[in-house]
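Subject: Structure for your review

Dear colleague,

Please find the structure below, followed by a short account of what was found in it.

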Amino acid sequence: MKKYFIALLYIGLLFLVVFLQLSLINSWPYAFSRINIILLALILFLFFLDFKTVILLALGLGLLTDIFSWQLFGFYTLTLFLVVFLADFLLANWFTNRSTYSFLALTFFATLSYNFILYGLFYLSNFLSDRGFFLWQANFWAGLGWELVWNLGIIFLFFWVMNLTTTRLKPVFLDKR
Amino acid sequence: MFKNRIKPHIKIIVVAGLLIFLHFIGVLSPLERLTVKVSQPIFNKLYSLGSDWRKDYNQKNSQVDLNAKVNDLENELGTLVVANARLKDLENENQKLREYLNFFSQQQMNYILAKVTSQENFLDSVKYGQNIIINQGSVNNLIPGLVVINGQGVVVGKVLEVKENSARVCLLINNSCKLAVSILNQNRTIGVTEGNLGLTVKINFVGQTEKINQGDIVVTSGLEKDIPAGLVLGRVSQINNNENDVWQNINVEPLVNFDNLGIVSVVLP
């Protein structure tokens, strides 16, 4: 029974994240609309939940976004999958688990990889249209800059608040004793 | 090592692939339709909350610059009174032209109201999302290419794609949103508009011989299938006619506030 309740809770959470991103945040003024809570939610899931649950949540988030998106179906699912596997690889091999610094580095790499993969797919699917290559567009880099600022800022704030209440997230690699 | 991390989760990846496949063969369509339909009221509510805040935010930003501009505006007032008189004259002329050519009056026009549910937001777009999503689709006889207007009957954009219960509309300021128009000058110059940097609209390839004045009204030409003639888009704000160029480029200032699009109308054929 508890299992089903948790599953329902996760489904509700996924819907909430997608609703907030697609209808509320996307309609905010320019700089604010660059907050990417789908990606932020996924990064937080990676730190707090087991990998299998994270993949299932990435699948849910991707499919839901694909349903509401006007791009080729599967682009968001594929991108989120790739980002999750890449982030997990970085987390397992490069970063010290659960320190603010690893969170920030992971957020940085996840944001970059998410946007490069997603816009790469958009570009490939619109190859024959007159849409220019995204990497040559100043707007893309400006947007990416804003997204990085927001994502890193929100993650930093989140962990600063968390560190006030728990010792689980203290930076492990700075402790030399 | 990367392979070892993927291996235990291969089942989930296969399920994802299967779900994407089922989407393309249409098996998931009923479920997707239901999800979209059930979600639309929530989307409407959240979108209107977000766009209200955007409107307030942009207004507040404008107020900061407002004081500095008051003096300039006072100086311009005299000029504007003259310009206003000229525009009223043009409006009368426009009205007469509409009557003369038997354009559709707003009452005669067949249209359907739609709510804006969300806005596409890509990193490579400029200020606005440039594409909006509305809550009417193919079940309401919407087809790609139909023109979308606001409450005052001013053109907002054009339907790009249609799903059963929703449609994707490109705004005039979107670079890929093109519309056949005519300028209400002496010759009724025709041309095609396209968005300019997500802020204004431009008309390219207008011959040097065409005489266009600042303030001329731009309307749909009626040369496009399913789009009636005479729907107002905006007015000419700048004319770039370098004598050495073959064409002159016209900048058009849209008469729509794209921050304030809650409800729009789609003009049906």
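How many bridges join S7(B) to strand S8 (residues 200-207) of chain B? Five bridges join them, and the two strands run antiparallel. Two strands are taken to pair if DSSP finds at least two bridges between them. Helices (H or I, at least four residues) and strands (E, at least two) are DSSP runs, numbered from the N terminus.

Before the remaining findings, a note on provenance. The model is predicted: local features need pLDDT of at least 70 and side-chain atom pairs count only at pLDDT 80 or more, while totals for chains, interfaces and linings use all residues. Residues are numbered from 1 along each chain as its sequence is written, and chains are lettered from A and ligands numbered from 1 in the order in which they are written.

Strands of chain B

S7(B) and S8(B) form a hairpin with three residues between them, and Leu197(B) in that turn has a positive phi of about 55°. Thr193(B) has Ile203(B) as its bridge partner in S8(B). Thr193(B) is also the bridge partner, in S7(B), of Leu179(B). Strand S6 (residues 179-183) of chain B is joined to strand S7 (residues 190-196) of chain B by four bridges, and this pair runs antiparallel. The hairpin of S6(B) and S7(B) has six residues between the strands, and Arg188(B) there takes a positive phi near 50°.

Chain B also contains a barrel, which six strands close in the order S1-S2-S5-S4-S3-S12 with antiparallel pairing. From one strand to the next, the twist averages 45° (axes are lines fitted to C-alpha atoms, for helices over the stretch in contact, and angles run from 0 to 180 degrees between N-to-C directions). Ile134(B) stands opposite Ala167(B) in S5(B).

Chain A

Chain A has six helices and zero strands.

The largest nonpolar core has 93 residues, of which Leu42(A), Ala58(A) and Leu61(A) touch the most other members. Such a core is a set of buried Ala, Val, Leu, Ile, Met, Phe, Trp, Tyr and Cys residues joined through C-beta atoms within 7 Å. Leu61(A) touches Leu14(A), Val17(A), Val18(A), Ile38(A), Leu42(A) and Leu80(A), not counting residues up to four places away in sequence.

The unreviewed UniProt entry annotates residues 6-25, 37-64, 70-91, 103-124 and 144-162 of chain A as "transmembrane region"; such annotations may be inferred rather than shown by experiment. In the model, residues 144-162 of chain A are 100% helix, with end C-alpha atoms 26 Å apart. Residues 70-91 of chain A are 77% helix, and their end C-alpha atoms lie 32 Å apart.

Where the chains meet

In total, 40 residues of chain B are in contact with 37 residues of chain A (C-beta atoms, placed from the backbone, within 7 Å). H3(B) gives the most to the side of chain B that touches chain A, with 15 residues.

With kind regards

Technical notes
Two residues are in contact if their C-beta atoms, placed from the backbone, lie within 7 Å. A residue is buried if 20 or more other C-beta atoms lie within 10 Å of its own, exposed if 12 or fewer, and partly exposed in between; C-beta atoms are placed from the backbone.
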